[in-house]
Amino acid sequence: MTDTLQDLIASAAALIVGLAAGWAVHSAFGRRKRAREQRFFGLPDGSECVLVTHRDSTSAHWSIPRHDALALLGLASIVENCGAHTEVAPHDTGLQGFGARTEFCVGDPTAHRRLAAHMTNLLPGVTAHPGDDSGTDRGMFTIAGTHYRPEPGTVEYVLLARLTAGDESRPVFLAAGQRPVTHRAAVRHLVRNRAKLARKYGAQGSFCLLLKVVNSQAYGPDLVELVADVTKPATTSAGPRAAAKAAAKDD
């Protein structure tokens, strides 16, 4: 065997070993990344979750608003990547209590019964106003005495939250917005920033973020700004002082 042939064999062997090592590292990284996502979303292999949305009030049949449907598609891809199974359910269908399986609740809290119930129980510091008879201030959020009024097509707000009932319970994710385009924006923010959110809040951590969707009439759900992390005031019952402050601002 010549020296040249030996060098070729040695080079080929080194290349194969390097490729195998690189594949092993890449596979291990992929498994760790998937495991982190599974913990964050509460979706181990073979688990079940439910996507809850409201009906399109403009349709005579059961259907989902376009932006809500696209938001659910984005969530479905996450569920599939985690190796879990999903069910889509309307908001007014009787469902079990939260915590037994991961739940994604998407919609307008003034019209979405399940979402409204979750906000009452888990985000008592947030008020979503149904508006008066003329529809004025419909969808406005009040948090810690501050009002967040929608300006349709210009400035709209949405809450993105991950909440749990206890250490062993599965999380419920809320995308509660003032218009369907904001629900889609919140879901996109969750999907794009899931690794960052998991690092910041932990696999079992709860959070509630107030997001602002800017100029949706031109940019749709693409231009989103983080207004504030409102976890503490949102998960704390509004006391008399906050209520009086909010009333004073209305006057």
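Is Phe-40 buried or exposed? Select Phe-40 to start the tour: at 1% relative accessibility, Phe-40 counts as buried (buried means under 20% relative accessible area, exposed over 50%, partly exposed in between, with a 1.4 Å probe and protein chains only).

Before moving on, a word about what is on screen. This is a predicted model, where local features need pLDDT of at least 70 and side-chain atom pairs count only at pLDDT 80 or more, while totals for chains, interfaces and linings use all residues. Residues are numbered from 1 along each chain as its sequence is written, and side-chain values use heavy atoms, with hydrogens and water left out.

**Stop 1: around Phe-40**

Phe-40 sits in helix α1 (helices, H or I with at least four residues, and strands, E with at least two, are DSSP runs numbered from the N terminus). Now show what Phe-40 touches, leaving aside residues up to four places away in sequence: the list includes Arg-162, Pro-171, Phe-173, Leu-190, Leu-197 and Phe-207 (contact means heavy atoms within 4.5 Å). Next, draw a distance from Phe-40 to Arg-170. These two are 130 residues apart along the chain, and their C-alpha atoms are separated by 9.6 Å.

**Stop 2: zoom out**

Colour by secondary structure and you get eight helices and ten strands. Of the 251 residues in the protein, 41% are buried. Take the contacts between residues at least 6 apart in sequence: 65% of them join residues at least 24 apart.

**Stop 3: a cavity inside**

How many cavities of 30 Å³ or more does the structure hold? There are two of that size. A cavity here is a set of points, on a 1 Å grid over the protein atoms alone, where a 1.4 Å probe fits but cannot get out; lining residues have an atom within 4 Å of a point. Grid points are joined across faces, edges and corners, and a volume is the space filled by probe spheres set on the points.

Head for the second largest cavity, with a volume of about 40 Å³. To find it, select Leu-75, Phe-104, Cys-105, Val-106, Leu-160, Phe-173, Leu-174, Ala-175, Val-187 and Leu-190, which line it. β3 (102–107), β8 (172–177) and α4 (180–192) are the elements that give two or more residues to this lining. Colour the lining by residue type and you will see ten nonpolar, no polar and no charged residues (Ala, Val, Leu, Ile, Met, Phe, Trp, Tyr, Cys and Pro count as nonpolar, Asp, Glu, Lys and Arg as charged, and the others, Gly among them, as polar).

**Stop 4: Thr-182**

Stay with helix α4 and pick Thr-182. Thr-182 is buried, with a relative accessible area of 0%. Leaving out residues up to four places away in sequence, Thr-182 touches Glu-156, Tyr-157, Val-158, Gly-177 and Val-213.

**Stop 5: salt bridges**

The structure holds eight salt bridges (a side-chain nitrogen of Lys or Arg within 4 Å of a carboxyl oxygen of Asp or Glu). Three of them are on this tour.

- Select Arg-34 and Asp-45, whose side chains meet at 2.8 Å, N to O. Arg-34 is in helix α1 (residues 3–41), and Asp-45 is in the loop between α1 and β1 (48–53), eleven residues apart. Arg-34 is partly exposed at 31%, whereas Asp-45 is exposed at 52%.
- Go to Arg-138 and Asp-108, where the closest N and O atoms are 3.1 Å apart. The pair spans 30 residues, from the loop between β4 (126–128) and β5 (141–143) to the loop between β3 and α3 (113–122). Arg-138 is partly exposed at 40%, while Asp-108 is buried at 9%.
- Finish with Lys-212 and Glu-225, at 3.6 Å, N to O. Lys-212 is in strand β9 (residues 207–214) and Glu-225 in strand β10 (residues 224–229).

**Stop 6**

Most residues other than glycine have a negative phi. Ala-144 has a positive one, near 50 degrees, and lies in the loop between β5 and β6 (146–148). Last, pick Asn-215, with a positive phi of about 55 degrees, in the loop between β9 and α6 (216–219).

Conventions:
1 Å grid on protein atoms, 1.4 Å probe; cavity = no way out; pocket = protein on both sides within 12 Å on 5 of 7 lines; lining within 4 Å.
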